[in-house]
Amino acid sequence: MKFTYLQPKFIFFIFFTTFNFSVYSQQKVVEQRINQLLSKMTLEEKVGMIHANSSFTSAGVARLGIPELVMSDGPHGVRPEHGRDWNMSNDHVNDAGTYLPTGNALAATWNPKLGYEFGSVLGSEANARGKDVILGPGINIIRTPLNGRNFEYLSEDPFLISKMAVGYIKGVQDQGVSASLKHFIANNQETDRTAVNVEMSERALREIYLPGFKAAVIEGGVNTVMGAYNKFRGQWATHNYYLVNKILKGEWGFEGFLMSDWGAVHHTNEALYNGTDLEMGTDLAMLPKPNYGKFFMGDTVVTLVNAGKVPIPLIDDKVRRILRVMFKTGMMDKSRKPGKFATKEHQQTALKIAEEAIVLLKNKDQVLPLNASKIKNIAVIGTNATKLNAMGGGSSQVKPTYEITPLMGIENYMGSKAKVTFAKGYEVAKDATANQKLVDEAVKIASTADQVVFVGGWVHGYDFSKWDDNAFDAEGIDKKDLKLPFGQAELIKALLKVKPNLIIMMMGGGPVEMNSWIDDAKVVIEGWYPGMEGGNALANVIFGKVNPSGKLPMTFPKKLEDSPAHKLGDYPGVNGTAVYHEDIFVGYRYFDTYKVEPQFAFGHGLSYTKFKYDKMEVVATDKKATISLSITNTGKIDGAEVVQFYVHQDQPKLPRPEKELKAFQKVFLKAGETQNVEIELDKTAFHYYDDQSFNWVVDGGKYQILVGSSSRDIRQQVLVEFKP
Ligand code: BGC
């Protein structure tokens, strides 16, 4: 018998067309089922679906088998239960689950696979808790280090955001739960967040503020998007014709639904016509007897449709989008597989992410890793070492099964092998300054210890309702400045005098001013808000069980005035408007182009081993390039390096940043091991947005491809030239 093998490309063709056809026909069936449902629904039932019917739900239509849609924050754990309309205490509910490291910790791993694992844990727990939508990821650009919600967000760089957010979203949605991408768009500060009008150039919008959202929609396939509170170019972002209808649903072809942030709708017609599909919020004024029919997208809509002032297809489109998501996530056919809650595996994922997130900023004289066997007496100083963070910060609060603080992590690691002593060192209280009694006590125990670890930085309070205690990394409020609160700088200086090998560990949602002590400090670590396993992760890093591999997802400036939003732009705005004058020069794009020395550069992070970059080769064809190089771990211990690829254009027609991140890869190498890294840069790696022609452009000419260990530590570079 003659047997003919099919060429692989034909097999691929058959698979691809069959796959596409079946996806297409499934979609067709879904759209038909939606048509049938729409034809059976009353106007009141339709309108019931496009606004909240309790603080975190919107109505279904029971007689047609359409369930209520149940939402929950997000973004780094499933929020505690509070009952419908905040009518329940959650003390006796089993809602203590996995508290993951927060957004900028996740981004600091520079590991998109961990983005996926993070999302899977979240999706699985949301599912187990009966939620249909988890309100995350939050991916607003980190424009100013003062933003109280930076800890929830990822980065100052749109490329890094894109890669991490896509993983996160797929992780969540593969569990049958929808992610909700927030806050669309330009919610880059908490001061006046519900009122400020943001103005930025089309170029800044396209190059900096939109790409993360675009990737999340197009590559991540996110099911829902949440509109921001602020205005954008004079119109509320949640019902902004240009952002929602033109870009999100038009250019990007988004087929899911856009919900408002809580209470962000201001106008019925604007919301109806400019793309808002679901109005969310809590009817605070009417509690304990809320009346959601009074929402902008409530009873008024019924009246307007009945009066012939609003066409029914406009409402149908919104209901269709919600139903589409319900079909996609198995809500209509009850086909969702059960999720898992508060498992050991989820806790292990939280640990792994925290370990990869920790950034070793400085390690002079190789003080780290510590040799635990030589330490008999270790002093831990600083209230942050014992501070619980999970329930702080605002809507992202999580009730954790447990939370390992830095002090607990060090105690766990040392067990009975060493004496661990603790001193508060400072008081966490509103406007607290250095407390000499606490400083003296800390210095006293520090001077007799073999090793001293200071744990400080920002805080958010344990109790959301204690606003004063919450006032640093918190929703609804920005930091006043970058100065370390509670007199921590004085304490650090006093400790450094007695212990020059002091380990300084910072917690929080971003940089602090370090000027007064950084030159004397040998070791500085950024620990972020590292989640429920954070203390164990920090101990594993300082004692060398884990070799640090985190890299900064944002620039740490020397002082606030060096940040572009503060140097060039409006913050928090003038007469209600914040003009982003710094334009595309956000984060390292500004520091590198304007030659401002940062304290620690974007992409910076040390390891206990060394990596050698070698043999870089580039094959460049028409506005594309393939780059290969070898990376060797030249040290004695295993480790991971984030190889970062930046592009610089020589003599650009429009001003361009000195360099921009266009690819990265995290490479895990055994001691002595070499690996080849190959990366393809397509034309989007070279393009810029020309706001004269309203188009993406790649100029002919010379480009440098820079490969390095941080934005300021370039190890190899090659020049490529494109024809005009
Ligand atoms: C926040 C959102 C959050 C929502 C629901 C709003 O105040 O801005 O991020 O998802 O509340 O809690």
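Analyst: A polar contact is a pair of N or O atoms within 3.5 Å; within protein, one atom must be able to donate a hydrogen and the other to accept it, and residues adjacent in sequence count only if both atoms are side-chain atoms. This is a predicted model, in which local features need pLDDT of at least 70 and side-chain atom pairs count only at pLDDT 80 or more, while totals for chains, interfaces and linings use all residues. Residues are numbered from 1 along each chain as its sequence is written, and side-chain values use heavy atoms, with hydrogens and water left out.

User: How do I read the ligand site, and which residues are closest to the ligand?

Analyst: A residue is counted when one of its heavy atoms lies within 4 Å of the molecule. Here 14 residues surround the ligand, with D73, R149, H183, D261 and E475 as the closest. By class the shell holds 5 nonpolar, 2 polar and 7 charged residues, where Ala, Val, Leu, Ile, Met, Phe, Trp, Tyr, Cys and Pro count as nonpolar, Asp, Glu, Lys and Arg as charged, and the others, Gly among them, as polar.

User: How far from an oxygen atom of the ligand is a polar side-chain atom of D73, and how much of the ligand does the protein bury?

Analyst: A polar side-chain atom of D73 lies 2.5 Å from a ligand oxygen; the corresponding distance is 2.9 Å for Y229 and 3.1 Å for R193. Taken alone the ligand exposes 310 Å², and the protein buries 94% of that, with areas from the Shrake-Rupley method and a 1.4 Å probe; for residues, only the protein chains shown count as cover.

User: How should I read a helix such as α5, and how many of its residues are buried?

Analyst: Helices (H or I, at least four residues) and strands (E, at least two) are DSSP runs, numbered from the N terminus. Helix α5, residues 158-173, has 16 residues and reaches 22 Å from its first C-alpha to its last, close to the 22 Å expected, the expected span being 1.5 Å times one less than the number of residues. Of those 16 residues, 13 are buried, a word that means under 20% relative accessible area, as against exposed for over 50% and partly exposed in between (1.4 Å probe, protein chains only).

User: Are D316 and K399 buried or exposed, and what does each one meet?

Analyst: D316, in helix α11 (residues 312-328), is buried, because its relative accessible area is 18%. Leaving aside residues up to four places away in sequence, D316 touches L38 and K46, contact meaning heavy atoms within 4.5 Å. The C-alpha atoms of D316 and K46 are 7.4 Å apart, although 270 residues separate them along the chain. K399, in the loop between β12 (377-381) and α13 (406-414), is buried because its relative accessible area is 17%, and its side chain makes a polar contact of 2.5 Å with that of D95.
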